[in-house]
Each structure stands twice: as structure tokens, then as C-alpha cells.
Amino acid sequence: MSVVWRKSSRSNSGGNGDCVEVSLNSSAALVRDSKNKPSTVEVPGWGVFLDAVKRGDFD
């Protein structure tokens, strides 16, 4: 399965092409900075966060 990266609509506001991209799945959020490709950081606890959202813990 290939990773699908999404860029914030607020990225590239300076016109230099730099941005932060995110790829989400059920167990992790991968974050990368376009200036430092292919560096990625796995955000721990993403699955726990999604479960809390689904339960309505943040309502």
C-alpha cells in the first residue's frame, strides 16, 4: 500500500514551495517537512486519539 501525503491549504504561503505534509492511517500519523524529504516522524498514539474522537471524548 502506498502512502498518500496531504498538504495543508495554508502551506506555501510564502511562495517558496516549502510545506509540511501529513499521511494518516488508523494507527499513526506520519509528518514530513518538504525541505527535509524523505524524513518522516511517526506520531505515537494516533490510534488512541482516533478512538477517543469516535467515542466523543472531545464533545
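Predicted model: local features only at pLDDT ≥ 70, side-chain atom pairs only at ≥ 80, totals over all residues.
Local features need pLDDT of at least 70 and side-chain atom pairs count only at pLDDT 80 or more, while totals for chains, interfaces and linings use all residues. Residues are numbered from 1 along each chain as its sequence is written, and side-chain values use heavy atoms, with hydrogens and water left out.

Helices (H or I, at least four residues) and strands (E, at least two) are DSSP runs, numbered from the N terminus. Of the 59 residues, 20% are buried, that is, under 20% relative accessible area with a 1.4 Å probe, protein chains only; exposed is over 50% and partly exposed lies in between.

S23 sits in strand β2, residues 20-24. Its relative accessible area is 8%, so S23 counts as buried. Leaving aside residues up to four places away in sequence, S23 touches V3, V4, W5, A28, A29 and L30 (contact: heavy atoms within 4.5 Å). The S23 side chain also reaches the backbone oxygen of V4, at 3.0 Å.

Helix α1 spans residues 46-55, and W46, G47 and A52 in the helix are buried. V53, also in α1, is partly exposed because its relative accessible area is 44%. After α1 comes G56, with a positive phi near 85°.

Methods:
Polar contact = N/O pair within 3.5 Å; in protein donor to acceptor, adjacent residues only side chain to side chain.
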